[in-house]
Amino acid sequence: MTNISLTYGQISEIVGSLVDREFKAVDNEDPQLAQYYRDIAIQFATVLEKLDQLPGEQREANLVLAMN
């Protein structure tokens, strides 16, 4: 099992980078790649929405990768 901690700001930067890549894929007329980046951005944006519900000093996400 692997665990990483990301702050609200770090996740926000990840979302921004993914959206930038989505737009580049759209510009390059690659809708499948654009959708790929959009889907990942939405997942991280969902994490941001959950963090918005916490007080500022607790806005940190612990993401866990568990393999079976």
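**A quick briefing**

E29 is exposed, with a relative accessible area of 71%. Keep in mind as you read that this is a predicted model.

**The loop residue E29**

- You can find E29 in the loop between α1 and α2.
- Although E29 is not a glycine, its phi is positive, at about 55 degrees.
- Its relative accessible area of 71% puts E29 in the exposed class, because exposed means over 50%.

**How the two helices pack**

- Two packed helices are described by the angle between their axes and the distance between the axes.
- Here, helix α1 covers residues 8-27 and helix α2 covers residues 31-52; their axes come within 8 Å and cross at roughly 160 degrees.
- That angle makes α1 roughly antiparallel to α2, because angles over 145 degrees count that way.
- The crossing in which α1 passes α2 is left-handed.
- On the α1 side, the residues making the contact include Y8, I11, V15, V19 and E22, while those on the α2 side include A34, Y37, R38, F44 and L48.
- Sorted by class, the contact of α1 with α2 has 18 nonpolar residues, four charged ones and one polar one.

**The nonpolar core**

- Which residues make up the largest nonpolar core? There are six in all: L6, I11, V15, L48, L51 and A61.
- Two elements, α1 and α2, each give two or more residues to this core.
- In soluble globular proteins, nonpolar side chains tend to be buried together.
- Look closely at L48: leaving out residues up to four places away in sequence, L48 touches Y8, I11, S12 and V15.

- Is E22 buried or exposed? With a relative accessible area of 10%, E22 is buried, because buried means under 20%.
- This residue is found in helix α1.
- Setting aside neighbours within four places in sequence, E22 is in contact with A34, Y37 and R38.

- V19 lies in helix α1 and counts as partly exposed, at 25% relative accessibility.
- Between V19 and I42 there are 9.4 Å in space, C-alpha to C-alpha, and the two are 23 residues apart in sequence.
- S17 also has its place in helix α1, and at 40% relative accessibility S17 counts as partly exposed.
- From S17 to N62 the C-alpha to C-alpha distance is 20 Å, with the pair 45 residues apart in sequence.

Definitions and conventions. Residues numbered from 1 in each chain as written. Predicted model: local features only at pLDDT ≥ 70, side-chain atom pairs only at ≥ 80, totals over all residues. Heavy atoms only, no water. Axes fitted to C-alpha atoms, helices over the stretch in contact; angles between N-to-C directions. Helix = DSSP H or I, 4+ residues; strand = E, 2+ residues; numbered from the N terminus. Parallel < 35°, antiparallel > 145°, perpendicular 65-115°, else oblique. Left-handed = near helix turned anticlockwise from the far one by under 90°. Contact = heavy atoms within 4.5 Å. Nonpolar A, V, L, I, M, F, W, Y, C, P; charged D, E, K, R; others polar. Core = buried A, V, L, I, M, F, W, Y, C linked by side-chain atoms within 4.5 Å. Buried < 20%, exposed > 50% of the residue type's maximum accessible area, 1.4 Å probe, protein only.
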